[in-house]
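Please consult the sequence and structure shown here.

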Amino acid sequence: MAGGNERSMKALKEVWKRAENSLCADCGKPDPDWASSTLGVFICLSCSGIHRNIPSISKVKSLKMDYWDDAQVQFLAKHGNAVTKAIYEAHIPIYYYQPTYNDCQVLREQWIRAKYERKEFTEPGKQLPYSDGVKEGILWKRGRDNGQFLPRKFLLSEREGCLKYFTKQDAKEPKINVKIDVINATFQPEKIGNPNGLQITYLKDNKTRNIFVYHESGKEVVEWFNAIRSVQFHYLKVAFPIASNNEIKNRLTRNFLKEGYMEKTGPKQREAFKKRWFTLDHRRLMYFKDPLDAFAKGEVFVGSGENGYSVQKGLPSGTQGNFSWHYGITIVTPDREYLFTCETETDQLEWIRAFTSVINQAMTPQEYAIEAYFKFKS
């Protein structure tokens, strides 16, 4: 018996160390040490918890701590991540967001359920709830002034190329009507205080407007998210007919590069530093009094290094404004310097890393136009 167990463990390790099984099959996290004995995939601890919630589909076991018999090891050997992905991920729409281990729970859970439980990607041309170019339903939206979440009707239309919401179910005219190409959507469970919290942003008069929503159903809110991406994708395919699918995919919804509190001072650099919530959305650095404000108090354009933008650690010598945090950052632009302070050195280094990643990228023609607007406004 001991010899059989030793044989099984040796065979298991052989399968486990295959290159295809070196990343979690569901989120891509390196060095997965769990596996599904019914699906044949190697997964990380976090994704194994999601699999455990669908026991009719997946039975999970630790590769280090649990016993695997010969039949289970042979099943893993015949399958593994590559074979199983070829079955369950055969026909993923190009616009569908495939989460990584850095993404929130609701995205990862619905991705796993869509693959294995609902089998959404196993057949070509399957009609999916987020793929028909229109979606209508109720989302709980946070009030701009009172902060209360109330049910609002939302309508997404590919034919009209827009997202609308209505304050009443029977309202004839929408409260907002936003063109699909200026919309971004990103999950913000911690900020919104709900595991299914979604932040929808759009440009209005070249200023960013935030809407915070959620739905009780994780499945429903992720379908809204992918429906927005689907409509955006088809809109951009028409607008940019020679662009490749991957180029268009990269222009769909995006996570913010960095968010968090910093202190800032005014343009004269003699005013007291004030604590603000900052969001870096590619080249737009926005600051808010409260993380859930609908509008930013101000925005800073972060251009490229070849156009005179840079980020420096620390503050200029002789900075006069009073500040309580001591880890400074200076953003240098062609027109002025922006001064910020962070509470910790870790925050400081993370912000510098985020700014550097933006500054190192060449600007697109559209971004030159945005830069010109910022200069005109100031």
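The points below are grouped by topic.

This is a predicted model, in which local features need pLDDT of at least 70 and side-chain atom pairs count only at pLDDT 80 or more, while totals for chains, interfaces and linings use all residues. Residues are numbered from 1 along each chain as its sequence is written, and side-chain values use heavy atoms, without hydrogens and water.

**Helix pair H5 and H7**
- The axes of helix H5 (residues 105-117) and helix H7 (residues 218-239) cross at roughly 90 degrees and come within 10 Å; helices are DSSP runs of H or I with at least four residues, numbered from the N terminus.
- H5 is therefore roughly perpendicular to H7 (65 to 115 degrees).
- Contact (heavy atoms within 4.5 Å) joins Val106, Leu107 and Gln110 in H5 to Gly218, Lys219, Val221, Val222 and Phe225 in H7.
- By class, five nonpolar, two polar and one charged residues form this contact of H5 with H7, with Gly counted as polar.

**Annotated domain**
- The unreviewed UniProt entry places the feature "domain: Arf-GAP" at residues 6-129; such annotations may be inferred rather than shown by experiment.
- Residues 6-129 are 40% helix and 6% strand, and the end C-alpha atoms of the span lie 48 Å apart; strands are DSSP runs of E with at least two residues.

**Ser357**
- Ser357 is located in helix H9 (residues 345-359).
- Its relative accessibility is 34%, so Ser357 counts as partly exposed (between 20% and 50% relative accessible area, 1.4 Å probe, protein chains only).
- A polar atom of the Ser357 side chain lies 2.6 Å from the backbone oxygen of Ala354.
- Ser357 and Ser304 are 53 residues apart along the chain, and their C-alpha atoms are separated by 9.5 Å.

Terms used: Axes fitted to C-alpha atoms, helices over the stretch in contact; angles between N-to-C directions. Parallel < 35°, antiparallel > 145°, perpendicular 65-115°, else oblique. Polar contact = N/O pair within 3.5 Å; in protein donor to acceptor, adjacent residues only side chain to side chain.
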